[in-house]
Amino acid sequence: MHIQSDVCIIGDGAIGKVAALGFAQAGLKVALLSPLSPLSASSNKAAQPPTSVAEAWDVRVYAVNHVAHNLLSSVKVWEALDTGRIAPVDSMMVNGDAAGELAFDAYGARVGTLAWIVEDRNLNQALDAALKFASNVRAVNGRAVDLKISDQAASVQLENGDTLSAELVIGADGGQSWVRSQCNIDFDYRPYGQRAIVSNFACEKPHHGAAHQWFSVAEGVIALLPLPGNQVSLVWSAPDALADTLSQESLTQLAARLSALAATELGTLTPLQPEVVKSFPLSLIRPHAITAARVALIGDAAHVVHPLAGHGMNLGFADVAGLIKAVVEREEHRDCGDARVLARYARSRKEDILLMQFATDGLARLFGTAFEPLRIARNLGLNLVNKLPVLKRRLIGHAMGSKNQ
Ligand SMILES: Cc1cc2nc3c(=O)[nH]c(=O)nc-3n(C[C@H](O)[C@H](O)[C@H](O)COP(=O)(O)OP(=O)(O)OC[C@H]3O[C@@H](n4cnc5c(N)ncnc54)[C@H](O)[C@@H]3O)c2cc1C
């Protein structure tokens, strides 16, 4: 079978799905390739947990910023989310390892909320529901095995012999991107020697919409993000050895560690039922380019950053907005995969991506060393920024995705 479209998106994570919706809304024909074979898709469904467990709080959550919120609203996905499961973040407290402290709040930033905590399952269910009604998105299941580029089009060959041709192929296939490797785009890769442990807890005291973060050399970065009600979601980026220990402990022991840390703000923490804990190895992936002939990379295929700022997905949503803009605003004589269009996309994303890579990598390294002068300097730095309202507003503005703050 041969499927012809304007845009072929490889990868059905949240970033690939929202890109499909955005391009379809712009009037383009889209093919969205998912690696699942129909067989594994249905066996996956069969393996879904029973309803009560499915309604439990997902341990994969994202702090969604204003750029992402605007994009999701524009494709009618934000309205389709289960709003009762979203928690606004009204303030954020960052603690260093020697009395360094930095506090942000929505009031100081002159916005209604800094960000929203959204579960992965809530987001993907809303995206899937929207895709069912997107008449010009063709969902294809299969495994891509070859990518060929000509002057007129790109063509993706699937394992079952089918081909997908399009003016533009979009790699939305995550950090280990197959599309990126097919284009021979080189990349820097550096493991952080840390794993992110995620789980959810009930807290004794109300969190008042506050996100808390603690940085230290020995323990890494601990973030407690607000969930609706008196509940919080943990993202603990722990050095590998500590991550091993944490993974062997019970969730009650993990809750006791967190209670000791956050007693003043949140009181005693207890694991949410059913108990779930997951862990993710952390690394930096920095491709040397995010475009090639008739190919654009978006999301983690284009950049993998440390989750300490909670911005990987947000960067991906901004890629989607930038790519749609470059394609939609192209001159009439240019097609979707025209080199000039792709160069505009790459240019428009350069500063944002570089800044986020620099900031997250810099912070991870700064708080990854026990060197005493650096320990003093980083805590002084936090306190200094805390006392400079203009700089603080700029930082918040950037985190929210606005360059005009
Ligand atoms: C612990 C943790 C916490 C995080 N917290 C936040 C946060 O608070 N805020 C935030 O903005 N970001 C956060 N992130 C980052 C965020 O999770 C990622 O940036 C985001 O999920 C990337 O989405 P993606 O769609 O680009 O990639 P993925 O989610 O990796 O999706 C890629 C998709 O491509 C498919 N695929 C792969 N290979 C192929 C192929 N060959 N053919 C077809 N399909 C293929 C895969 O099946 C998958 O569905 C966090 C990350 C971690 C690890």
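The structure is a predicted model. The ligand has 28 residues around it, and Asp12, Ala63, Asp300, Met313 and Asn314 come nearest. Two of the elements that give residues to the ligand shell, α1 and α9, have axes that come within 10 Å of each other.

**Ligand contacts**

- The side chain of Asp12 has an N or O atom 2.8 Å from an oxygen atom of the ligand.

**Shell around the ligand**

- The elements that give two or more residues to the shell are the helices α1 (14-25) and α9 (312-328) and the strands β3 (61-64) and β12 (187-203).
- By residue class, the shell has 16 nonpolar, eight polar and four charged residues.
- Among the residues that come nearest to the ligand are Met313 and Asn314, and both numbers fall within the range of α9 (312-328).
- Ala63, also among those that come nearest, falls within β3 (61-64).

**Helix packing**

- The axes of α1 and α9 cross at roughly 25°. The two helices are therefore roughly parallel, since angles under 35 degrees count as such. Their crossing is right-handed.
- α1 also packs with α5 (residues 120-132), where the axes come within 10 Å and cross at roughly 30°. That angle makes α1 roughly parallel to α5. Here α1 passes α5 in a left-handed crossing.
- α9 packs with α10 (residues 339-366) at an angle of about 155°, and their axes are 8 Å apart. α9 and α10 are therefore roughly antiparallel, as angles over 145 degrees count that way. The crossing of α9 and α10 is right-handed.

**Backbone features**

- Most residues other than glycine have a negative phi, and most peptide bonds are trans.
- The peptide bond from Gln273 to Pro274 is cis, with omega near -10°. Pro274 lies in the loop between β16 (269-271) and β17 (277-287).
- His208 has a positive phi, near 55°. This residue is in the loop between β12 and β13 (210-216), and β12 is one of the elements that give two or more residues to the ligand shell.

How values were computed
Residues numbered from 1 in each chain as written. Predicted model: local features only at pLDDT ≥ 70, side-chain atom pairs only at ≥ 80, totals over all residues. Heavy atoms only, no water. Near = heavy atom within 4 Å. Polar contact = N/O pair within 3.5 Å; in protein donor to acceptor, adjacent residues only side chain to side chain. Helix = DSSP H or I, 4+ residues; strand = E, 2+ residues; numbered from the N terminus. Nonpolar A, V, L, I, M, F, W, Y, C, P; charged D, E, K, R; others polar. Axes fitted to C-alpha atoms, helices over the stretch in contact; angles between N-to-C directions. Parallel < 35°, antiparallel > 145°, perpendicular 65-115°, else oblique. Left-handed = near helix turned anticlockwise from the far one by under 90°.
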